[in-house]
Amino acid sequence: MRSIFIATLVLASACRSAVPPASPAEGTDEFAISSTVIAAYNVVSGPAGRHDWDRMKELFAPGARVVSHGGASMSVDEFIAARKPVLEKEALFEQPAFTRIDVAGDMAAVLSTYESRHAANDATPYARGVRSVQLARIGSDWKIVTIFDEPESAAHPIPASLLPR
């Protein structure tokens, strides 16, 4: 009886899900970096027509680029010009599902798995993917230097290491 109890405990322990990583502590570089990346998600997310494009420009460093899958590279102004007409008519709710931040001095690399929904309360996303976001500390702020987007597809599934645990 005791061996069954121990085996059950061992099995339950092995099957339990991992504890999600703690949110970055306020006042740390990781908190500031995460806040900048989430602010970028928030600018493009929302009901049709509601977007603060000036805020988006504030989040990016001079000369920053937004690169889409396939290699199309745009300035922030070009990105806004391309996305604004679509987002004036269509709602988009994007949020990070998993984020990993690496910091080295005044530069940071963020891998962020995202989920896209047509409405905030949609049960499942219509699209997912991975964003690689590079940031630089400019003065006392973290600014986005590059965003590179890779939508999930059959040929490019999201790696297990970048999925929520």
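Reply: The count comes to nine salt bridges in this predicted model.

Start with Asp77 and Lys57. Their side chains meet in a salt bridge, with an N to O distance of 3.4 Å. That falls inside the 4 Å cut-off for such a pair. The two residues come from distant parts of the chain, 20 residues apart. Asp77 belongs to helix H4, residues 76-89. Lys57 belongs to helix H3, residues 53-59. Asp77 has 47% relative accessibility, so Asp77 counts as partly exposed. Lys57 is also partly exposed, at 41%. The class follows because partly exposed covers the range between the 20% limit for buried and the 50% limit for exposed.

Next, Arg137 and Asp106. Here the N to O distance is 2.6 Å, again between side chains. Arg137 lies in strand S5, which spans residues 127-138. Asp106 sits in the loop between strand S3 (93-104) and strand S4 (107-117). Arg137 is partly exposed, with a relative accessible area of 26%. Asp106 is partly exposed as well, at 47% relative accessibility.

Asp149 forms a salt bridge with Arg131, and their closest N and O atoms are 2.8 Å apart. Arg131 is in strand S5, while Asp149 is in strand S6, residues 141-151. The pair links distant parts of the chain, 18 residues apart. Asp149 is buried, with a relative accessible area of 14%. Arg131 is buried too, also at 14%. Both get that label because buried means under 20% relative accessible area. One network also deserves mention: salt bridges with shared partners join Asp29, Asp106 and Arg137.

Finally, a residue beside these helices. His51 is found in the loop between helix H2 (29-44) and helix H3. His51 has a relative accessible area of 13%, so His51 is buried. Leaving aside residues up to four places away in sequence, His51 touches Val43, Val44, Ser45, Gly46 and Leu87.

How values were computed
Residues are numbered from 1 along each chain as its sequence is written. This is a predicted model: local features need pLDDT of at least 70, side-chain atom pairs count only at pLDDT 80 or more; totals for chains, interfaces and linings use all residues. Side-chain values use heavy atoms; hydrogens and water are left out. Helices (H or I, at least four residues) and strands (E, at least two) are DSSP runs, numbered from the N terminus. Buried means under 20% relative accessible area, exposed over 50%, partly exposed in between (1.4 Å probe, protein chains only). Contact means heavy atoms within 4.5 Å.
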